[in-house]
Amino acid sequence: MSSYFDLTSGLWKWSSPVWLLVLSLVGLYIIFHHRALGKRIVFFAFAMFALALAYVSPIGVLSDGYLFSAHVIQHLILLLIVPLFLLLSLSESETEALFRHPFMNRLGSVMAVPFVGWLSGLGVMWFWHVPSFCNASTENYALGVFRDATFLLAGLAFWWPIFSPLKRFHLSSSLAVIYLFSACLGCTLLGIYITFTVISVCPAFANPVDRLGIMHFLYDQGMTPATDQRLGGLLMWVPPCSLYVCAIMVVLKRWYAEMDQLTSPQTAGTTSSLREAQS
Amino acid sequence: MTTGSVEQSELTSLEPPVTSTLLLDWVSTLDHKRIGIMYILTAVFYLAIGGFEALLMRIQLAFPNNTFLSPEMFNQLFTMHGTTMVFLVGMPVLTGFANYFVPLMVGARDVAFPRLNAFGFWMLFFGGLLLHFSFLTGSAPNAGWFSYVPLSSKAYSSLQGVDYWIIGLLIMGIGTVSGAINILATIICLRAPGMSLQRVPLFVWMMLMQAILIILALPALNSALAMLLIDRWLGSAFFDPTRGGSAVLWQHYFWIFGHPEVYILILPGFGMISEVIPVFSRKPIYGYTFVAASSVAIVLLGYGVWAHHMFAVGLGMYADIFFAVGSLLIAIPTGIKVFNWTATLWGGEINFNTALHFAVAFLLQFVIGGLTGIMFAAVPIDWQLTDTYFVVAHFHYVLIGGLVFALFSATYYWFPKMSGRMLNERLGILQFWLWVLGFNMTFMVQHFLGMMGMPRRVYTYADNPGWALLNGIASLGAVFMAVGTLVFLWNIGASLLRGKIAGDNPWDAFTLEWATTSPPPPENFTVIPEIKSRRPVWDMNHPENADWKTEKTPADRGIRPNLAKLAAWAFIASEAVFFLLLLIAYVIFNTRSGEGAVTSSVLDVTRTGIFSLFLISSSVTFWIAERFLRAGKQSAFVFSLGLTILLGITFLAGQVWEYAGLLTNDITINTNLFSATFFTVTGFHGIHVTAGVIALFVMLMMGIKGNLTADKSHVFGAVGVYWHFVDVVWLAVFGIIYLGLLQ
């Protein structure tokens, strides 16, 4: 086993079925967003690249029963990175055309309810790390596919109130900050729990079946099951929070640029006595 | 309603201000300005004590092998110096400035809750007295300002010093959180019309960030203090490794509070500098948006990097890497601000007076403190330098070179507003140079001493090459600072008596506090200027160059949340952190294998489940009562509320039943870690339910007497926020403790 970057090694799985999903999404994007330009195409390309990377690269191969930390990276890519960049790749006008349909508009409104997005994003994070569910989804292929699908959908729901292409679905700035900060708190708690608990969160990773003959390679690098779980917990904790802090900065940037009610006389152009102001 | 700009002459009072008043007026005051001054005076009083303690230590360390102080006394002095300077000087002086200036700067008559404000001050005052009363017992706290266990446990600190430290800090903590809720509510709810949150002065914004930090960080200290107190008084073993506890847990909890505490202290300093530099550069601040938004990033990141104080503990390589990266990240928003302030000065019409002298020194010295902070984020450097004088030099560059210089700058800037008189510039410059020289003499050399390996917190040192000279310089510097402080106090005293009359706006400054008299009248303003930008007083005085004509800022949408509900939400946010940390302690201690005979199997889950239903039902009946109140159906309201109280009491009776059963089976709080965590979590929850029942009972009495009617339903709603919170906490407690989730 030479290195993670040897593209011909067993750590890379070029025959992954994820290509089918990538091709389908590319097709849909071309059909519905054929007029997309510049950075939106870059965002979409990045989303597809991240999606493929999550399965084709060593992240995907090692998360299949070898390393809990790789599983967490895959999980974060599917839950936070791919949906985020998919939403950023959508243009407002073409999405608006899609969401003119009453059903879609209703769907968008439901997803814009903060509780729905927050619970989806945090819910899947916590749910799939209950030891029995984590184990079952690692050992059962179909359940694993289902889990990954829930990550993608929950990620879309989570980011929708913040980065929906349609501004009418955005949360107010203060709520958005609380939404993201509390999400950070949620994944911090899970991360702390996984990092410091003495129980095995996902027992399937504690005794891996060495299909590819790489266990020695991993152990030589210090990736014993206990270290692996601690690393997984830290990955669950720090990168998402960093991402949420960046998102909060974007929200604040928008907030400081809110000029729609600029200096209108009725809101800002009057001076009043303080007693009146506070009565 | 008065419209249009206000004539400056109408507001100007050139008469000398009346300064004498009765003692009773002061101790019973609810005026935010007087309470602010009392906070500042309290801080100055303790600054004298903490400074005197520092001088004693520097005398001891001036020569090698000195015997001026005993080791025991030295331990007590560095502990009390640190505790005093952080909790009784740094935090109160900032609360004092916030109390005085935040309402003025947002155009409010007073803070949101004047009585709560007075309560907060007196809690701090008596908490500080209690802490210092320990000297009279002959055993002041001596385990360092962060009181690491096991040193602070009963086995190693058997006298009462640590107990005084815990109780004193808990009492002061209550005052601090109440003060923070007050400032938060004032900024969110009482801003004058036109002042959107995007237009508030940066000092106000920083105080808002500080309030959020206090509300969310201080409970971590309180939970740790509660557990340490239970360890010491009731014999539990939270922090006793010999009985399964964890000494490292104390460090985690202390620094979850302790690291944000650094930002609690320095963010207001940033705010002060952001007011002073623009005024004396005659320019708006460069990059307001960045300065404000980056402070939000600091608040958020500040919670996530506490473990960089624990690199020497042995957290493991990956944990070290992540916390190191986090700590480096936080340097970005902090560091770029320095460029904002520098860019504000750049090309400005500089008025290089004492206030700006201190502000510029702040910039230079804070950069040094920040850079050594970045050095500590590198784990190997931390391992090498931890617990040496390099650390002492680092945090004094942040807290004195940064915060104290910002405070002096702010004092020279705002003193005219508070007193109506100017401070003497010549004395100010003299004080400045005494402080710059003294501070850098004392602490710059400590970098070298630390690199040479001189350990902190050791009462003396051997006559190693160079150590005596460097320590002598450090001690001499402390004398310079002491003399500088005396010059400052003389300046204040002399200026109060004979200082030049200031007028309303001697600096031609920009923000609302300068639109009223100096000192301001009890009601603060007669009229307030039109607010259409971030510099309303500039706009008023220079209409031809008004900011709003050239720079667009988001207008005020007039959204002001209900005061009572906002305060209730802020309070429960603080309480949530407290319970969260207690529950984390439960999970940590009860997922370990090999615990003693008592486990959660001794609990009657079904019975408690039934009693839990009573508590949950009480939330429903409360909700119904609230609806009846809003609809004006008074008798139905009283009935529903009575039922709510009854359900709450029934739940408490169930808890008493459960406790009685456990106690008769000899399962007490000191039996093992399960019982310690169980009784602590459920006990604190029980206390909260009891407090809630009392609050509901008060509401019931008001309802019966007809004093609580539909128009006051928001007050009842605020109590509801608390009551529902108590129920939600119980759901978590029941899930984790009784159903064993996460185990």
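Student: Which hand does the crossing of H18(B) and H22(B) have?

Tutor: A crossing is left-handed if the near helix is turned anticlockwise from the far one by less than a right angle, and right-handed if clockwise. Here H18(B) passes H22(B) in a right-handed crossing. Helices (H or I, at least four residues) and strands (E, at least two) are DSSP runs, numbered from the N terminus. This is a predicted model, where local features need pLDDT of at least 70, side-chain atom pairs count only at pLDDT 80 or more, and totals for chains, interfaces and linings use all residues. Residues are numbered from 1 along each chain as its sequence is written, while chains are lettered from A and ligands numbered from 1 in the order in which they are written.

Student: At what angle do H18(B) and H22(B) pack?

Tutor: Two packed helices are described by the angle between their axes and the distance between the axes. Axes are lines fitted to C-alpha atoms, for helices over the stretch in contact, and angles run from 0 to 180 degrees between N-to-C directions. For H18 (residues 563-590) and H22 (residues 713-738) of chain B, the angle is about 10 degrees and the axes are 9 Å apart. That makes H18(B) roughly parallel to H22(B). Angles under 35 degrees count as roughly parallel, over 145 as roughly antiparallel, 65 to 115 as roughly perpendicular and the rest as oblique.

Student: Which kinds of residue make the contact of H18(B) with H22(B)?

Tutor: By class, 18 nonpolar, 2 polar and 2 charged. Ala, Val, Leu, Ile, Met, Phe, Trp, Tyr, Cys and Pro count as nonpolar, Asp, Glu, Lys and Arg as charged, and the others, Gly among them, as polar. Two residues are in contact if their C-beta atoms, placed from the backbone, lie within 7 Å.

Student: And how do H13(B) and H14(B) pack?

Tutor: H13 (residues 389-419) and H14 (residues 425-451) of chain B pack at about 165 degrees, with axes 8 Å apart. That makes H13(B) roughly antiparallel to H14(B). The crossing of H13(B) past H14(B) is left-handed. Residues of H13(B) in this contact include Tyr389(B) and Tyr412(B), and those of H14(B) include Phe439(B) and Met451(B). This contact has 12 nonpolar, 6 polar and no charged residues.
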